[in-house]
4 protein chains.
Amino acid sequence: MKIDSIKLGKKRRGARRRERTRTDILNAARDVFAEHGYHEASIAEIAERADIAVGTFYLYFHDKDEAFETILDEGFEVTRSRVMEAIAAQEPDGATLSIVIHAILHHAYEQRALFRIALTGSKQLTQPSRVQHAIAEIIATILEDAHRQAALIGYDLPILTSLLTGMITQAIAWWFEHDTPDPDTMANQVIRILQHGLPAHVFTSQT
Amino acid sequence: MKIDSIKLGKKRRGARRRERTRTDILNAARDVFAEHGYHEASIAEIAERADIAVGTFYLYFHDKDEAFETILDEGFEVTRSRVMEAIAAQEPDGATLSIVIHAILHHAYEQRALFRIALTGSKQLTQPSRVQHAIAEIIATILEDAHRQAALIGYDLPILTSLLTGMITQAIAWWFEHDTPDPDTMANQVIRILQHGLPAHVFTSQT
Amino acid sequence: MKIDSIKLGKKRRGARRRERTRTDILNAARDVFAEHGYHEASIAEIAERADIAVGTFYLYFHDKDEAFETILDEGFEVTRSRVMEAIAAQEPDGATLSIVIHAILHHAYEQRALFRIALTGSKQLTQPSRVQHAIAEIIATILEDAHRQAALIGYDLPILTSLLTGMITQAIAWWFEHDTPDPDTMANQVIRILQHGLPAHVFTSQT
Amino acid sequence: MKIDSIKLGKKRRGARRRERTRTDILNAARDVFAEHGYHEASIAEIAERADIAVGTFYLYFHDKDEAFETILDEGFEVTRSRVMEAIAAQEPDGATLSIVIHAILHHAYEQRALFRIALTGSKQLTQPSRVQHAIAEIIATILEDAHRQAALIGYDLPILTSLLTGMITQAIAWWFEHDTPDPDTMANQVIRILQHGLPAHVFTSQT
DNA sequence: AATGAATGAGGATTCATTCAT
DNA sequence: AATGAATGAATCCTCATTCAT
């Protein structure tokens, strides 16, 4: 029994260590990708920041690509679940668009580095930015509900979803260059537009 | 005099030729950047498509970067002037937001390659804003007018501009993956949102 | 005394175990070398097939090279003794070339993996001779006898030995790509050439 | 006309230069491969010996492999044609085995580096040594003639070809470690065996 | 002006070997 | 004795840029 527990201890320690190294690498990689973008990020720099040898990187990730993908995948998994939790906590009966927008912007504000990578450090051209996809999915669920209730007649649902996503994405990107406003204020700006629209004035001739 | 005019002729011919080569390179480069993105685009391929030698490229552009910048700069200069012309033609008294959105989307639809480069093939991280900047500027003029007339109380003007730009940009990006709808339909979707907002329904609890 | 015997038992068991592990590694290594060749064989794969940790490999062999050398050395020691036994069993008075060739090809046919390593997976350039050397030695003893009896006048003994070795080696290499003929048939082909030579016909002009 | 000839001159000079560089690389590569074998040969060393930059290597060969293949391909093409010429010169009516063996060994002696690469510096395991193939082809033509005339009853033709090839190959390999004997003497040793066979003595019990 | 061969720094990836546990 | 995570030197290959012609 003693032996068992010791062995178990060892195993746990090994696993813990392995996990810690993996996290170190992922954090370092996220920073480097965020700073330089996919192409200009070098494994050497990631390794240095994670305080490991170059070769160690390859013990945890098959190649540069896999690390990149992992950051996005795991990052957005966290995003999705956090946002979902926030929504569920506030409005158990069903999410409203306002709550969703607030939740997304709150989380995005805290995870700027991740969003920066996803929005600008892309590896491929065709990636319509995985962020957009993640955001779009969340928004889609709400709009689909509304659509089912025939509340969105006149709108093409996929396009509407995409356009809202574009707006929210832009709100997030705003923070790449500015530090204010805070997420709530930003969310209110977005919601205001979506709720009331702009004054008729701007759509007609301006004399 | 005769000699002079000959020289002049030569000069002119030389200049015309130079101009043609420059355009060839720019066209080839735009295609290659659009196909592969900044990083994967090689000078060799650009040169081949422009039917010139690699070295010749460097007689016209200082480096890869300069060609890239030139494409965006000249491209958006054209965009701006075309859109402005379109607006002026339709509504001499002053543009309305509807007209601007229609004009922008029309032009963008025709210049997909350019917009694709600007939106996805960026060289640096902070760059996706090149298109956005161009679009934002046009929109800003209209919103500023409205703002001056106190019609936009409650909105932060720069942020509002940015958000609208995000929506329009997203509409353009939609065409990177889909061929429909046509620019007018797309513009109408955008305008519908901005004019009426979404039904109150989606902002409140959904029972 | 009791303690002693226990210790002894332990020691023996330890030694036996050590021996078994060593053999496991050697077997795994032989397979991997045979499959991939020296350079493409990785310690990691050898360790995996031997069901040990990478580090353990280095407890038994100083480096990749030593394992490789050991395989060849021990392999050919076995070859030599088996062949010698076979000869002694058949012809106690002294071996004949026929018997030797039969014996060598029989053994080689069964030990293809080893011979494949020795002939094609070599580490260094000057090495293809390891097998050759082993074969040559056996053949040399016979030829030297004959030479002593002045039966090989006109032949340079070392060269003759080498040439016969080349022929036999080639016979073995034949099996790297073909499964037939069986060792006896193959041996008879070799012997036929060495016994009668080729018809005079092929050495003169062919009208 | 003057312009034409100048242009032509330029073209020729360029082509000549290109050809020279290619040859330089091939020569350097042949040496390095011969010294270190395929795997240990580094492009850097080849480039240095050819007195070019690393990148230049890749202007002429797609990768290490292609250079290696080219050396063998071109090398054996030369071998074949030289040997064929030699044969044709001596015996217009049809080659005899003696002449072929002399010719092969003569050429091989002069091209030791090439043969060393082909025989020992192989890249893949399955390569039954392209040399062998080249030699085998030449020998096959002669033996097939004889076979057609039913002079080789009792022999399996492909195996016989292979065995002779093995012998000749071994003769060439001999020179990797020794400088003597000269090609003619060596050829005579080979021919002597093939013509008369070994004394019956060595095949029977040796009392 | 045009050419295109040459350059060489830069970066990804591998794997034999070590060593703390 | 055994483990297997960590190391980092070594090597291939790319491509923007230069420059002799």
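Helices (H or I, at least four residues) and strands (E, at least two) are DSSP runs, numbered from the N terminus. With that convention in place, I turn to the model itself.

This is a predicted model, in which local features need pLDDT of at least 70 and side-chain atom pairs count only at pLDDT 80 or more, while totals for chains, interfaces and linings use all residues. Residues are numbered from 1 along each chain as its sequence is written, chains are lettered from A and ligands numbered from 1 in the order in which they are written, and side-chain values use heavy atoms, with hydrogens and water left out.

I begin with chain A. Chain A has nine helices and zero strands, and its elements run α-α-α-α-α-α-α-α-α from the N terminus on. Chain A has 207 residues, and 49% of them count as buried. Here buried means under 20% relative accessible area, exposed means over 50%, and partly exposed lies in between, with a 1.4 Å probe and protein chains only.

A buried example comes from chain D. Ala187(D) is placed in helix α9 (residues 183–196) of chain D, and it counts as buried because its relative accessibility is 0%. Between Ala187(D) and Asp145(D) there are 42 residues in sequence and 21 Å in space, C-alpha to C-alpha.

The next topic is salt bridges. Side chains of opposite charge can pair when their charged atoms come close. The criterion used is a side-chain nitrogen of Lys or Arg within 4 Å of a carboxyl oxygen of Asp or Glu. Over all chains, a search of the whole structure finds 32 salt bridges.

How are Glu19(B) and Arg22(B) separated in helix α1 of chain B? They are about one helical turn apart, because three residues separate them in that helix. Their side chains meet in a salt bridge at 3.8 Å, N to O. Glu19(B) is partly exposed, with a relative accessible area of 45%, and Arg22(B) is partly exposed as well, at 23%. In chain A, a network of salt bridges links Glu19(A), Arg22(A) and Glu74(A).

Two further pairs in chain B join separate elements. Arg80(B) and Glu137(B) form a salt bridge of 3.2 Å, N to O. Arg80(B) belongs to helix α4 (residues 64–90) and Glu137(B) to helix α7 (residues 129–148), so this pair ties together parts that are 57 residues apart in sequence. Arg80(B) counts as partly exposed at 23%, and Glu137(B) likewise at 37%.

The other pair is Arg112(B) with Asp179(B), whose side chains meet in a salt bridge at 3.2 Å, N to O. Since Arg112(B) lies in helix α6 (residues 112–120) and Asp179(B) in the loop between α8 (157–177) and α9 (183–196), the pair ties together parts 67 residues apart in sequence. Arg112(B) is partly exposed at 27%, whereas Asp179(B) is exposed at 53%.

Finally, I come to the relation between two chains. Chain C is superposed on chain D by a rotation of 178° with 0.0 Å of shift along its axis, at an RMSD of 0.4 Å. The two copies are therefore related as by a two-fold rotation axis. In chain C, the C-alpha nearest the axis belongs to Gly197(C), 2.1 Å from it. Such copies are superposed by least squares on the C-alpha atoms of residues with pLDDT of at least 70 in both.
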